[in-house]
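Student: I have the sequence and the structure open. Can we go through some questions on them?

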Amino acid sequence: MSHQINPPQRLLMGPGPINADPRVLRAMSAQLVGQYDPAMTAYMNETMELYRGVFRTANAATLVVDGTSRAGIEAALVSLIEPGDRVLVPVFGRFGHLLREIAERCGAEVHVVEREWGTVFTPAEIERAIVETRPKLVAIVHGDTSTTLAQPLDELGALCDKHGALLYTDATASLGGNLFEVDAWGIDVATAGLQKCLAGPSGSAPITLSERAVGVVNARKSIEAGIRSVGDAVSASPIRSNYFDLAMILDYWGPKRLNHHTEATTMLYGARECARLLVEEGMPEAVERHRLHGSAMVAGLVGLGLELFGDQGVRMNNVVGVEIPAGIDGDAARAALLADYGIEIGTSFGPLHGRVWRIGTMGYNARRDTVLTTLAALEQVLRRGGVPVTAGGGVGAAIDFYGER
């Protein structure tokens, strides 16, 4: 016989998902209303305005795509890319490879430049690749949790504009916890998810599009036959996905309220609350909170004698990679941390699998108590695994860090 779901108590300190803010969960328990109820359309409009604040943009086309963060990525790429379009993907971790694969599935002629995991690109390297490949679109990850690094983007919008390319960035892992300026940086399209710094559950994908990007998308608009009126657009080269067709999704979220799908009401409530909490806190304050607690975690890990992975000059505020100490089974240590303390940290992908742990300090879990609890538990797991650590070294270093600030 099945019983009501009763998940075990966990402190999620990996690269995401994290524990959702209780206020988000409460918002998601609210009753449903019809998709065209004035209350519902008002919530949709409020959500759009709140995410303009989160993305730091005036873009009218700022909304959420129903689905996980990957749904936002796919909606952006399938709506922007026509088969045969040239796309440049600079890859410095796992999720750059994901952008490449999705672009290839969209029929693009994809050009890739790669950096070793643990490093990022210089603007000059990206400009050189743009000049060589002359892409319609540059698609790049901002913060890649697989390497824990953030690619600086502040110069890329101007570079893409100079060479006639659109700039898309995946900000799933970085938005809300790291400086991210859509308008100031000239980003044409950005997408994200709720399950990291936004302190919610996976299942809704915030997205924003510049007027130029909206023009590209709407040039491919093709209204479904079943809801088409005389004079409605029918494209010879329609967007290759119906569900992720941003031209129709924009009409659904816009004044036309043209039916496309039934909005995921409960997820909308959650996404709205995630954005409301961030805007209420203030985006600079939220970024500083992630920097403070993420840096305290780093200080504590160094205090335990662990070696950090990757270029620390461009590390994300909200996640850090550490080399697994010699002589300890990394997966067994993670399992012990979960079984004995109810704390989850992350393993790694690809070339880093078995070499690096990834520890997150983000969203609702970007707090002093979670940092100190994780460091205290990790110390005991390391000691039991035979790793020589200074007693209290991690917690002590983190407390000293907080005390200095």
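Tutor: H3 and H4 cross in a right-handed sense. Keep in mind that this is a predicted model.

Student: At what angle do helix H3 and helix H4 pack, and is H3 parallel or oblique to H4?

Tutor: Helix H3 (residues 69-80) and helix H4 (residues 94-105) have axes 10 Å apart and pack at about 45 degrees. Angles under 35 degrees count as roughly parallel, and 65 to 115 as roughly perpendicular. The angle therefore makes H3 oblique to H4.

Student: Which residues of H4 make the contact with H3?

Tutor: On the H3 side, the contact uses Arg70, Ile73, Glu74 and Leu77. On the H4 side, the residues are Arg94, Leu98, Leu99, Ile102 and Ala103.

Student: Is Arg105 buried or exposed?

Tutor: Arg105 lies in helix H4, and its side chain makes a polar contact with the side chain of Glu101 at 2.9 Å. Its relative accessibility is 70%, and the cut-off for exposed is over 50%. Arg105 therefore counts as exposed.

Student: How many Å apart are Arg105 and Ala184 in space?

Tutor: In sequence, Arg105 and Ala184 are 79 residues apart. In space, C-alpha to C-alpha, the distance is 31 Å.

Student: How many Å apart are Val91 and Arg115 in space?

Tutor: Val91 is in strand S3 (residues 86-91) and is buried, with a relative accessible area of 1%. Leaving out residues up to four places away in sequence, Val91 touches Gly96, His97, Val112, Val113, Glu114, Arg115 and Phe121. Val91 and Arg115 are 24 residues apart in sequence, but their C-alpha atoms are separated by 6.4 Å.

Student: What span does helix H2 reach from its first C-alpha to its last?

Tutor: Helix H2 covers residues 38-55, which is 18 residues. At 1.5 Å a residue, 26 Å is expected. The model is close to that, with a span of 26 Å.

Student: Which residue caps the N-terminal end of H2?

Tutor: Look for a side-chain oxygen 2.8 Å from the backbone nitrogen of Ala39.

Student: Is Ser204 buried or exposed?

Tutor: Ser204 lies in strand S10. Beyond its neighbours within four places in sequence, its contacts include Val64, Thr68, Leu194, Met267 and Ala271. Its relative accessible area is 1%, so Ser204 is buried.

Student: Is H11 perpendicular or oblique to H12?

Tutor: The axes of helix H11 (residues 330-341) and helix H12 (residues 368-384) come within 10 Å and cross at roughly 125 degrees. Residues in contact include Ala333 and Tyr341 of H11 and Ala377 and Arg384 of H12. The crossing is right-handed. The angle makes H11 oblique to H12.

Student: What is the relative accessibility of Asn365?

Tutor: Asn365 sits in the loop between strand S13 (356-360) and H12. Apart from residues up to four places away in sequence, Asn365 touches Leu11, Leu12, Met13, Ile18, Asn19 and Thr370. Asn365 counts as buried because its relative accessibility is 2%.

Key. Residues are numbered from 1 along each chain as its sequence is written. This is a predicted model: local features need pLDDT of at least 70, side-chain atom pairs count only at pLDDT 80 or more; totals for chains, interfaces and linings use all residues. Side-chain values use heavy atoms; hydrogens and water are left out. Helices (H or I, at least four residues) and strands (E, at least two) are DSSP runs, numbered from the N terminus. The expected span of a helix is 1.5 Å times one less than its number of residues. A polar contact is a pair of N or O atoms within 3.5 Å; within protein, one must be able to donate a hydrogen and the other to accept it, and residues adjacent in sequence count only if both atoms are side-chain atoms. Axes are lines fitted to C-alpha atoms, for helices over the stretch in contact, and angles run from 0 to 180 degrees between N-to-C directions. Angles under 35 degrees count as roughly parallel, over 145 as roughly antiparallel, 65 to 115 as roughly perpendicular and the rest as oblique. A crossing is left-handed if the near helix is turned anticlockwise from the far one by less than a right angle, and right-handed if clockwise. Contact means heavy atoms within 4.5 Å. Buried means under 20% relative accessible area, exposed over 50%, partly exposed in between (1.4 Å probe, protein chains only).
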